[in-house]
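Let's walk through this model together, moving from charged pairs to a helix and then to aromatic rings. Please keep the sequence and the structure open beside you as you read.

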Amino acid sequence: MNRSEKIAYLNAKKEYGFEDLRTIMELLRSEGGCPWDREQTHESIRRDFIEETYEVIEAIDKNDYELMREELGDVLLQVAFHVRIEEEIGHFTMEDVLTEICAKLIHRHPHIFADVEAKTSEKVLENWDKIKNEEKQRETVTSRLRSVPPSLPALMKAAKVGKRASCFDFPDAESAFLKIEEESAEIKEIMGADNKEMLEEEIGDLLFSVANFARKSGIDPEMALANATKKFINRFEAIEIEAEKMGKNVENMSQNELDAIWNAKKVK
C-alpha cells in the first residue's frame with residue numbers, strides 16, 4: 001500500500017493491532033509526516049520513556065486497570081518509536097527485537113524449554129541469574145556489580161548492588177542495623193565541621209546502610225521511601241487543614257505550633 005492507502009486503511013478500522021502501531025509510526029516519521037515526530041531522536045524522547053514507565057507504576061499502585069491499560073499503551077508507543085528510529089538507520093528492526101526477547105526467554109527458562117529442574121521461584125531466579133551472567137560474560141563479582149544500570153533510582157541500585165555482593169554481605173538484618181548506628185555516629189561527629197564533601201560522603205554511607213538493612217529485612221527500600229513520602233504529604237495536608245480551621249496559614253506558623261498539630265495527627 002502507498003501512503004494514502006495506509007492512511008485510509010487505518011482511518012477505516014475500529015480495532016487495531018501491533019502491526020497497525022508500526023504502520024502509524026512509519027507514517028508519522030516518513031516524509032510528509034508529523035514535523036514533531038520526524039525531529040525526535042533517542043535522546044530527545046529519553047525522558048518521555050522514563051515518565052511513561054513511572055505512570056504505569058502509578059497505575060499499578062492505584063490498582064487502576066483502566067489507567068494501566070492506557071499507560072502500558074504509552075510505554076509500547078515508546079518502544080515502537082525507538083525501534084522505528086533504528087529501522088530508518090538500518091541498525092535493527094522490530095523483528096530483531098522480538099526475536100531477541102523470545103530467544104532470551106526460552107534460553108533463561110530451561111526448566112520449561114529444556115530438561116533442567118526448578119520447582120521453586122528461588123531456584124528459577126538462581127538459574128536466571130546464572131544464565132544471564134554467562135550470556136553477558138560476567139565472570140567476576142565486580143563485573144556483576146558494575147552491570148547494575150547507573151540510571152536506576154539510587155536506593156534501588158544500592159539494594160541491587162548489596163544483593164549481588166552476597167559474598168560480602170551482612171549475615172542478618174540485625175547486623176545490618178548495627179551498621180546504620182555506626183554510620184549515624186560518624187555523621188554526628190562531623191556535623192559541626194563545616195565540611196560538606198565529607199558530610200555528603202557519610203550521608204551516602206548511611207543511606208547505603210539503610211538500603212542494606214531494608215533488603216535484609218525483606219523490604220524494598222525504594223517502595224518504603226515512596227510510602228513514607230506519601231504519608232508525609234497526607235499528614236501535612238491534615239496539618240494545613242487544621243491550621244485553616246484555626247484561621248492560620250502554615251507558612252506563618254511557628255515550628256512549635258506545627259509540631260503540636262503534627263504530633264496530634266500522628267497519634268490519631
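A salt bridge here is a side-chain nitrogen of Lys or Arg within 4 Å of a carboxyl oxygen of Asp or Glu. With that cut-off, a search of the whole structure turns up 17 salt bridges. Before we look at some of them, a word on the ground rules. The model is predicted, so local features need pLDDT of at least 70 and side-chain atom pairs count only at pLDDT 80 or more, while totals for chains, interfaces and linings use all residues. Residues are numbered from 1 along each chain as its sequence is written, and side-chain values use heavy atoms, with hydrogens and water left out.

Start with helix α5 (residues 65–89). Helices are DSSP runs of H or I with at least four residues, strands are runs of E with at least two, and both are numbered from the N terminus. Arg84 makes a salt bridge to Glu87, with the closest N and O atoms 3.5 Å apart. These two are three residues apart in helix α5, which means a separation of about one helical turn. Glu88 counts as partly exposed because its relative accessibility is 36%; buried means under 20% relative accessible area, exposed over 50% and partly exposed in between, with a 1.4 Å probe and protein chains only.

Elsewhere, Glu257 and Lys248 form a salt bridge whose closest N and O atoms are 2.7 Å apart. Glu257 is partly exposed, with a relative accessible area of 29%, and Lys248 is partly exposed too, at 35%.

Next, find helix α12. This helix covers residues 196–216, 21 residues in total, and reaches 30 Å from its first C-alpha to its last, close to the 30 Å expected at 1.5 Å a residue. The expected span is 1.5 Å times one less than the number of residues. Which residues of α12 are buried? They are Glu202, Leu206, Ser209, Ala211, Asn212, Ala214 and Arg215, and they pack against α10 (154–164), α11 (173–190) and α13, where contact means heavy atoms within 4.5 Å. Gly204, also in α12, is partly exposed at 32% relative accessibility.

Now look at what flanks this helix. At the N-terminal end, Asn195 caps α12, with a side-chain oxygen 3.3 Å from the backbone nitrogen of Glu197. A polar contact of this kind is a pair of N or O atoms within 3.5 Å; within protein, one must be able to donate a hydrogen and the other to accept it, and residues adjacent in sequence count only if both atoms are side-chain atoms. After α12 comes Gly218, whose phi is positive, near 80 degrees. Asp220 lies in the loop between α12 and α13 and is partly exposed, with a relative accessible area of 41%. Its side chain reaches the backbone nitrogen of Glu222 at 3.0 Å.

Finally, turn to the aromatic rings. Rings of Phe, Tyr and Trp (its six-membered ring) pair if their centres lie within 6.5 Å; planes under 30 degrees apart count as stacked, over 60 as edge-to-face and the rest as tilted. By this rule there are four aromatic pairs. In one of them, Trp36 and Phe81 are edge-to-face, 6.3 Å from centre to centre with 75 degrees between the planes. This pair links distant parts of the chain, 45 residues apart: Trp36 in helix α3 (residues 35–39) and Phe81 in helix α5. Is Phe81 buried or exposed? Phe81 counts as buried because its relative accessibility is 4%, whereas Trp36 is partly exposed at 45%.

Another pair, Phe232 and Trp262, has ring centres 5.6 Å apart and planes at 45 degrees, so it is tilted. Phe232 lies in helix α13 (residues 221–245) and Trp262 in helix α14 (residues 255–267), so the pair ties together parts that are 30 residues apart in sequence. Ring pairs join Phe232, Phe236 and Trp262 into a cluster.
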